[in-house]
Each structure stands twice: as C-alpha cells, then as structure tokens.
Amino acid sequence: MDKKSQENKYYIIIPMVIFTFFLVVNCVTPLMGEDYALMAASRQELMTAGFAHKILLMISRIYQQMTMWNIRIGEQISILFGCFDKMAFNICNSICTMYYLYLVYIFAFKCRWKMNKRNIVYLVVAVTVILTMQPALGEIFFWKTGSTNYLWAICLLLTAALPLRFYIGCDTVDLVGNSKGKLFLITLLSFFAGFTNENTVIYVILLYMGTIIFYIKKKKLPVWIYTSA
C-alpha cells in the first residue's frame, strides 16, 4: 500500500466519527410534538399491525395529510418513518446529514468529493460551523419531523439544483446534456422539490429565473433549465 492510500485509509476515520456522532444524538432524541400528530395510527396499533397493514395505514394517513392539511413532502416522510422502529429513521437521518455535508462541498467548490487532507479539513470546518452557528440544531438535524421538513427537504432541493450549480459561473458544465433520461429525472426531482419548504423553494426559483434572464440573450439555454424552473 502506497503512502497516499495509507493516508486515505486514516482520513476515512473522521467521516465515520462524524456519522457516529449524529447517529448517537439521533438515537437519544425522543419523539415529540408533531411526531405523534403525524403517526399513521396509535403506537399500539402500529406495533401489532403486520407489514401490509402498516403500508395501508401509512398510505391512508399520507392521503389525509395531503388533501386536508399540508402537502409538504417532509411531513409525508415523517408519516412513513412513524410506521416503523425509530432506529430506521436514526440511521437514514444520519446518512442524510452526511449527504447534506457532501452537497455543501459540491455547491461550494463545484467539483466532486475526493478523499484527501484538504477536503477533510473542509468537512471538519463545515461540521463545526453547523454545530456552533446553527440556531435550531436539534430541530433540523435530530428531531424527526423537523429533520424531514428541513434537512431532507433541503437535500432534495439542492440535489435538484445541482445541474444549475454546475451550469452557471465559470467553467460551465452541462450535467444533463442531450440525455432524455436525465432530462426526465431532473424535471421529476424539481417537481417534488417544489413540495419541500415554502421558505427555500422560492429562492431556487428566483435563481432559475435570474439565470434565464442573464443568459437568454447571450446563448441558447438547455431545455432542462426551463422544465426545472
């Protein structure tokens, strides 16, 4: 094993420690408030229900929530996880947190992540800023319904906006190109991203509108910019 490979082997310890930290805190964070309000049924009924029955209860509760109260996708995700043991959410939410950190890196540097000393430093800085500067840390990264409404929602929104991030600015890269499959996928992602959070979606829409206004007289814009906006 060469020196670089050996260094990368040690660098992976830090992301693992960060993941473990978020997982542990997720595990000790209890259900509260809206977590109970967004249950598909009583906890007793969910504990005794079979898998198929849980799915039916979940679908019924999601339909009720979407048609009678709120269509935000985060609440539907909370209903889904409420049907199963909380450990499933704890693991998935910790993975989602790591994915969020990955998205922060991509949007900051407009390139894919590589395991090296510099990027590990950036990762530690990002986590430090989140832990020390986030005014509602528990409500976004640990509380179940808060996480699905904000953390999961912003990850979906930023994922849908990735092609735009690579397209604008210096060194334009068209991630979609002429691929019909990618065009369909990014359009579908953008559609669901529109149901994430009313406080953040509007800024991405404005970013798309600004891109169209800025570039439309300079060059022909790809179709996905219009279908995603």
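Contact here means heavy atoms within 4.5 Å. The model is predicted.

Start with helix 7, residues 86-109, and helix 10, residues 144-160. Nine named positions of helix 7 face this partner: F89, C92, N93, C96, T97, Y99, Y100, L103 and F107. They meet K144, S147, T148, L151, W152, I154, C155, L158 and T159 of helix 10. By class, this contact holds twelve nonpolar, five polar and one charged residues. The two helices pack at an angle of about 35°, and their axes lie 10 Å apart. The crossing of helix 7 and helix 10 is left-handed.

Helix 10 also packs with helix 12, residues 180-193. Here the angle is about 145°, with the axes 9 Å apart. This crossing, too, is left-handed. From helix 10 come L156, L157, T159 and A160. From helix 12 come I186, L189, S190, F192 and A193. The residues of this contact divide into seven nonpolar, two polar and no charged.

Now turn to a single residue. T29 sits in the loop between helix 2 (13-28) and helix 3 (34-37). Is T29 buried or exposed? Its relative accessibility is 13%. Buried means under 20%, so T29 counts as buried. A polar atom of the T29 side chain lies 2.6 Å from the backbone oxygen of V25. Beyond its neighbours within four places in sequence, T29 is in contact with K86, F142 and W143. Of these, K86 belongs to helix 7, which spans residues 86-109.

Technical notes: Residues numbered from 1 in each chain as written. Predicted model: local features only at pLDDT ≥ 70, side-chain atom pairs only at ≥ 80, totals over all residues. Heavy atoms only, no water. Helix = DSSP H or I, 4+ residues; strand = E, 2+ residues; numbered from the N terminus. Buried < 20%, exposed > 50% of the residue type's maximum accessible area, 1.4 Å probe, protein only. Polar contact = N/O pair within 3.5 Å; in protein donor to acceptor, adjacent residues only side chain to side chain. Axes fitted to C-alpha atoms, helices over the stretch in contact; angles between N-to-C directions. Left-handed = near helix turned anticlockwise from the far one by under 90°. Nonpolar A, V, L, I, M, F, W, Y, C, P; charged D, E, K, R; others polar.
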